[in-house]
Amino acid sequence: MPYTDAVIHEIQRLTDIVPPDTHFRGYFLPKGTDVYPLLGSILRDPKYFQYPNDFYPQHFLDEHGRFKKNDAFVVFSSGKRICIGEALAHMELFLYLTSILQNFSMQSLVSPADIDITPRISGFGNNPPVYKLCLLAH
């Protein structure tokens, strides 16, 4: 289970979703002002992640294989503007993924060697590529 949790965190780290607006360095930003912090700058910081541009779930595992928090994991923003649904989102992602893995086998529609996992960079974040796969019931 810790490895599954680490995989979910690593997927979120590399996806780099754009968060809502916030205060910045003491400046008041009026309601309705769009702010796009580039969280990727910390989510890909080699100071916090050994392999910042690679999918590496071990970023979230200690030397004994237990899940470990990383203070640079800010996919739900941070501080006053942190997403209030963060705990619910973590739980739902974990339940969805484990339910799929327990009940289905996943099969790629193309050869694994032909799968390109390079994100589509949008300027504000990384959009994951579209994949097609087949879920086969056990």
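User: How much space lies in the second largest pocket?

Analyst: This is a predicted model, in which local features need pLDDT of at least 70, side-chain atom pairs count only at pLDDT 80 or more, and totals for chains, interfaces and linings use all residues. Residues are numbered from 1 along each chain as its sequence is written, and side-chain values use heavy atoms, with hydrogens and water left out. A pocket is, on a 1 Å grid over the protein atoms alone, an open set of points where a 1.4 Å probe fits, with protein on both sides within 12 Å along at least five of seven lines; lining residues have an atom within 4 Å of a point. With grid points joined across faces, edges and corners, and volume taken as the space filled by probe spheres set on the points, the second largest pocket holds about 200 Å³.

User: Which residues that line the second largest pocket are the closest to its centre, and how many of the lining residues are charged?

Analyst: The lining has 14 residues, and the closest to the centre are Lys69, Asn70, Phe73, Glu86 and His90. In the classes used, Ala, Val, Leu, Ile, Met, Phe, Trp, Tyr, Cys and Pro are nonpolar, Asp, Glu, Lys and Arg are charged, and the others, Gly among them, are polar. The lining divides into seven nonpolar, four polar and three charged residues.

User: Is Asn70 buried or exposed?

Analyst: Asn70 sits in the loop between helix 2 and helix 3. Its C-alpha atom is 8.9 Å from that of Phe49, 21 residues apart along the chain. Buried means under 20% relative accessible area, exposed over 50%, and partly exposed in between (1.4 Å probe, protein chains only). At a relative accessible area of 13%, Asn70 is buried.

User: How far apart are the end C-alpha atoms of helix 1?

Analyst: The expected span of a helix is 1.5 Å times one less than its number of residues. For the 14 residues of helix 1 (residues 2-15) that should be 20 Å, and the model agrees, with the end C-alpha atoms 20 Å apart.

User: Why is helix 1 described as largely enclosed by the rest of the structure?

Analyst: Among its buried residues are Val7, Ile8 and Leu14. Across the whole protein of 138 residues, 27% count as buried. Helix 1 is largely enclosed because the buried residues number 10 of its 14.

User: Which residue forms a salt bridge with Arg13?

Analyst: A salt bridge is a side-chain nitrogen of Lys or Arg within 4 Å of a carboxyl oxygen of Asp or Glu. The closest N and O atoms are 2.8 Å apart, and the partner is Glu10.

User: How many salt bridges does the count come to?

Analyst: Asp62 and Arg66 also meet in a salt bridge, at 3.1 Å from N to O. Arg66 is partly exposed, at 48% relative accessibility. By this rule the count is two.

User: How many disulfides are found?

Analyst: A disulfide is a pair of cysteine sulfur atoms within 2.5 Å. Cys83 is partly exposed at 36% relative accessible area, and Cys134 is partly exposed at 28%. A search of the whole structure gives a count of zero.

Methods
Helix = DSSP H or I, 4+ residues; strand = E, 2+ residues; numbered from the N terminus.
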